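Trainee: I would like to go through this model with you. I want to know what stands behind each label.

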Amino acid sequence: KFILTRGLENCLYVYQENEWNEITTKIKTLPFTKKDVRMFTRFFFSGATECEFDSQGRVCITSPLVSYAGIDKECIIIGASDRIEIWSKESWDKMLEENSDKLEETAEKLFEGIDFGETL
């Protein structure tokens with residue numbers, strides 16, 4: 001079993017149950033009195049669905065999630081650390097096109113000062 005929900009940038013997030021429980025615990029610590037917290041919590045949890053593979057290894061994605069992600073025919077499935085992301089092919093291609101020239105600069109900022117040890 002796993003949890004499927006709306007992700008950011010119009011993709012879907014897929015979490016193992018243990019990862020989902022960790023995220024849920026972290027979100028519960030946020031102050032509900034803040035409007036941004038309430039808005040994000042509603043967005044994130046209202047689309048959450050517990051799923052499992054059928055006997056042929058397929059997953060049924062609910063219509064609202066398919067619509068949110070704009071999945072028409074083809075989709076792209078990627079691993080993203082603690083989750084899987086499901087993108088419409090069009091959204092994935094657009095995201096890559098819009099961000100490819102920023103990737104090196106972003107990586108440099110994010111990892112500035114971090115020692116990754118000996119390079120190959």
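**Labels and their cut-offs**

Mentor: Searching the whole structure turns up seven salt bridges. This is a predicted model, where local features need pLDDT of at least 70 and side-chain atom pairs count only at pLDDT 80 or more, while totals for chains, interfaces and linings use all residues. Residues are numbered from 1 along each chain as its sequence is written, and side-chain values use heavy atoms, with hydrogens and water left out.

Trainee: What makes Arg58 and Asp54 a salt bridge?

Mentor: The rule asks for a side-chain nitrogen of Lys or Arg within 4 Å of a carboxyl oxygen of Asp or Glu. The closest N and O atoms of Arg58 and Asp54 are 3.0 Å apart, so the pair qualifies.

Trainee: Why is Asp54 called partly exposed?

Mentor: Buried means under 20% relative accessible area, exposed over 50%, and partly exposed in between (1.4 Å probe, protein chains only). Asp54 has 33%, so it is partly exposed.

Trainee: What makes Lys89 and Asp93 a salt bridge, and where do they lie?

Mentor: Their N to O distance is 2.8 Å, so the pair meets the cut-off. Both residues lie in helix α4 (residues 89–99), four residues apart, about one turn of the helix. Lys89 is partly exposed at 27%, and Asp93 is partly exposed at 34%.

Trainee: How do you know that Asp82 and Arg83 are paired?

Mentor: Their side chains meet at 3.6 Å, N to O, so they pass the salt-bridge rule. Asp82, Arg83 and Glu85 are linked in a network of salt bridges. Asp82 has a relative accessible area of 30%, so it counts as partly exposed. Arg83, at 22%, is partly exposed too.

Trainee: How many disulfides are there?

Mentor: A disulfide is a pair of cysteine sulfur atoms within 2.5 Å. By this rule the count is zero. For Cys11, the nearest cysteine sulfur, that of Cys75, is 12 Å away.

Trainee: Are Cys11 and Cys60 buried or exposed?

Mentor: Cys11 has 1% relative accessibility, so it is buried. Cys60 has 67%, so it is exposed.

Trainee: Why is Phe116 called exposed, and where is it found?

Mentor: Its relative accessible area is 61%, so Phe116 is exposed. Phe116 is found in the segment after α5 (103–110).

Note on methods. Helices (H or I, at least four residues) and strands (E, at least two) are DSSP runs, numbered from the N terminus.
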